[in-house]
Amino acid sequence: MGVAYDATITSIEEAPLAADRSVAGLSDEPVDHRFKALPPDAEGLTVGALAAERRDLFTGGFTTPVLALSAESVEHNLALLETYAERHGLAFAPHGKTSMSPQLFARQLERGAWGITAAVPHQARVYRAYGIGRVFLANELVDAAALRWLAGELDADPEFRFVCYVDSVRGVELMDEALRAAGATRPVDVVVELGAGEGARTGARTEAECAAVADAVAATGTLRLVGVAGYEGEVPDASGERVRRWLHRLVALAVDLDRAGRFADVTAAGGDIVISAGGSAWFDAVADVFAQIPELSAPVLKLLRSGAYVSHDDGHYRHLTPFNRVPEEGSLRPAFRLWAQVVSRPSPEQAFLNAGKRDAAYDLDLPEAQLVRSGRDGTVRPATGITVSGLSDQHTWVRTEPGAELEVGDWVGMGLSHPCTSFDKWQLIPLVAEDGTVVDFVRTFF
């Protein structure tokens, strides 16, 4: 399912987010010291002007270390999840915490996303600043200051749709108090979060607790219950069987709440009942179980929230992706490569690169040496016999086997694990075509 890269689609200047022109404005930012690895001789240009020069990543003045995002792989991944969601009848609100990039949000929305998922109020504020019209906050929200901001956003924009978790009566009380104090005129839509089991993360642990939370919501005038949700990735000792068992519980909870009339406000307003789950490791199970959701009193929005797919990775998600289990559905492509330079070769068994913990994700796996680009003639070869053994703040420790070719000045291209902590170390990331041409830059806001 390869997708050819199209610079006219991915360009900052033409990012298709009709709700707001702020994304286009990112191209007007000046190139300066705030952004790692950009060519020193580009100082004074705007980001858009530098992108228009179509410089080569290796010969165009970029300094090492430099993180590159494959333009072709991003396009492929965006297209794959769009068609996957369509094929399985799922709405899609990809988790924006992965990239925190309004440009990538724009691409996801153009690829059919219902909205963008957030985890904390700051992320929702970034989304709104760049015109996102539907935000699903996959977390509880009891911060009075954030709720005051939210009330203002909802009141100011009748088209803005916001949904968040609730999992306790006390949380409902805090939300109600804050929204009343803020003078909110629109109710906040909430979904009851069903916990994935004892020892899991947030979420009410039992159906009885969920019903009590639903009762508390009904007693307010500031909240409206619109569905149920949770995160199957927290199922203890997760397996396909255990995850599906929990997902069936989630669906059954929605059915029971609907039979009890808990979604009467949704039905009366002609809205939809939200049933949401789906990280990046078990969305195949979500698709299977959600296909079995029975007819309810209102149409059901089957909302998937996977986010890591946009860049995928060369570690954690390479092993966990559901496409390993359903290869006939396609495959994701890792899009990140961190290029660093050999700055020291103190022994035949050891070398050091000029990238470290400040540049590379290391919370789940160490970077993986993949390619070597000769510092002498620019030829590229596999990183045979070269292994990353550790990271310091600004150095990569490399172990070399006998016969491995590596010398000071060579560039080493490394694959990374865990997209979330790869994106958040870089404010401006070169988007690079297969031939090495930098076609754009992706801005992040962490």
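Histidine 95 touches Thr117, Ala118, Ala119, Gln123, Ala138, Arg305, Ser306 and Gly307, leaving aside residues up to four places away in sequence, where contact means heavy atoms within 4.5 Å. The model is a predicted one, in which local features need pLDDT of at least 70 and side-chain atom pairs count only at pLDDT 80 or more, while totals for chains, interfaces and linings use all residues. Residues are numbered from 1 along each chain as its sequence is written, and side-chain values use heavy atoms, with hydrogens and water left out.

Histidine 95 is located in the loop between β2 (91-92) and α5 (102-110); helices (H or I, at least four residues) and strands (E, at least two) are DSSP runs, numbered from the N terminus. Because its relative accessibility is 13%, histidine 95 counts as buried, a term that means under 20% relative accessible area, with exposed over 50% and partly exposed in between (1.4 Å probe, protein chains only).

The helix α5 is itself largely enclosed by the rest of the structure, because seven of its nine residues are buried, namely Pro102, Gln103, Leu104, Phe105, Ala106, Arg107 and Gln108. Just after α5, glycine 112 takes a positive phi of about 95 degrees.

Turning to the rings, lysine 36 lies over the face of tryptophan 426, at 4.0 Å from the ring centre, and arginine 443 lies over the face of phenylalanine 445, at 4.6 Å from the ring centre; such a charge counts if NZ of Lys or CZ of Arg is within 6 Å of the ring centre and within 35 degrees of the ring normal.
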